[in-house]
Amino acid sequence: MNKSKWVLPGIGVAVLLFIGWTVSVSNSMVRLDEGVNGAKAQVENVYQRRLDLIPNLVNTVRAYAKHEAEVLEGVAKARSQAGQVNITAKPEDFAKYDQAQVGLSHALSRLLVVAEKYPDLKADRNFQELQSQLEGSENRITIERQRFNEASQTYNVYVRSFPQMLIAMIRGFKERPYFSAAAGAATAPEVKF
């Protein structure tokens, strides 16, 4: 009889410990998920900074390189496409966003090659400042993408680990995608004049 007296309180304590653990794991997933969302927002922020700089760079180059309309139109089109795609939790939307940003990076590379053809433009203080700002934006993008990938990795490891994965499945927490290098990024671009 003495043992049965402790069974019910023991079960109650076990249930409370399980509930406490479940709440703790769930809160950790929310915190890590929000970390990924914050990192994603920062990536979008630095991409937006780059989008905001592009019209100034294009207008400066346009003043010197009026006959390079095709390159300038390509940059404007790529900027427009990059500005229209949003990152969502869906991997296919994430891939579209990343691809649009890669397209914009390629268009900007072509624009900077065109700018190299015009010595007066390269010497222009406004162009130099815009080019410096654009280079700074590219560096910020690289850093923020790295931070996003680190936040995604921490989150993904946590929600895929046992026993947290059980709660993740119940609560609907899914693996988050990573930014990856663009196709052909391992090959250095060749610049010819």
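Glu144 counts as buried, at 11% relative accessibility; buried means under 20% relative accessible area, exposed over 50%, and partly exposed in between, with a 1.4 Å probe and protein chains only. The residue is found in helix α5, where helices (H or I, at least four residues) and strands (E, at least two) are DSSP runs numbered from the N terminus. Leaving aside neighbours within four places in sequence, Glu144 is in contact with Gln42, Val43 and Val46, contact meaning heavy atoms within 4.5 Å. Glu144 and Lys40 are 104 residues apart in sequence, yet their C-alpha atoms are 8.2 Å apart in space.

This is a predicted model, in which local features need pLDDT of at least 70 and side-chain atom pairs count only at pLDDT 80 or more, while totals for chains, interfaces and linings use all residues. Residues are numbered from 1 along each chain as its sequence is written, and side-chain values use heavy atoms, with hydrogens and water left out. The average pLDDT of the protein is 77, and 75% of the residues score at least 70; pLDDT is the predictor's confidence in each residue, from 0 to 100. Confidence is lowest in helix α4 (residues 119-123), with a mean of 60, and highest in α6, at 91.

The protein has 6 helices and 0 strands. Of its 193 residues, 35% count as buried. Among contacts with a separation of 6 or more, 78% come from residues 24 or more positions apart.

In soluble globular proteins, nonpolar side chains tend to be buried together. Here the largest nonpolar core has 20 residues, and those with the most contacts inside it are Met29, Tyr47, Phe148, Tyr155, Val159, Phe173 and Phe179. Such a core is a set of buried Ala, Val, Leu, Ile, Met, Phe, Trp, Tyr and Cys residues joined through side-chain atoms within 4.5 Å. Two or more residues come from each of α1 (4-64), α3 (91-116), α5 (125-160) and α6 (164-171), and α1 gives the most, with 8 residues. Not counting residues up to four places away in sequence, Met29 touches Tyr155, Tyr158, Val159, Gln164, Ile167, Ala168 and Phe173. A second, separate core has 15 residues, including Ala78, Ala107, Leu108 and Leu111.

Pro163 is found in the loop between α5 and α6, and a cis peptide bond, with omega about 5°, joins Phe162 and Pro163. Within α6, the buried residues are Gln164, Ile167 and Ala168. Seen down the axis of α6, these fall within an arc of 105°, so they line one face of the helix; the arc is that of the directions from the helix axis to the C-beta atoms. Met169 and Ile170, on the other side of α6, are exposed. Just after α6, Gly172 takes a positive phi of about 85°. Most residues other than glycine have a negative phi, and most peptide bonds are trans.

The segment after α6 also holds Arg176, which counts as buried at 11% relative accessibility. Which residues does Arg176 contact, leaving aside its neighbours within four places in sequence? They are Asp33, Val36, Asn37, Ser152, Tyr155 and Asn156. With Asn37 there is a side-chain polar contact of 2.8 Å; a polar contact is a pair of N or O atoms within 3.5 Å, and within protein one must be able to donate a hydrogen and the other to accept it, with residues adjacent in sequence counting only if both atoms are side-chain atoms.

Ala151 and Arg176 are 25 residues apart in sequence and 9.4 Å apart in space, C-alpha to C-alpha. Ala151 lies in helix α5 and counts as buried at 19% relative accessibility. Not counting residues up to four places away in sequence, Ala151 touches Gly35, Val36 and Ala39.

A search of the whole structure finds 1 aromatic pair. Phe18 and Trp21 form this pair, which is tilted, with 6.0 Å centre to centre and 35° between the planes. Rings of Phe, Tyr and Trp (its six-membered ring) pair if their centres lie within 6.5 Å; planes under 30 degrees apart count as stacked, over 60 as edge-to-face and the rest as tilted. Phe18 and Trp21 both lie in helix α1, 3 residues apart, about one turn of the helix. Phe18 counts as exposed at 54% relative accessibility, and Trp21 as partly exposed at 34%.
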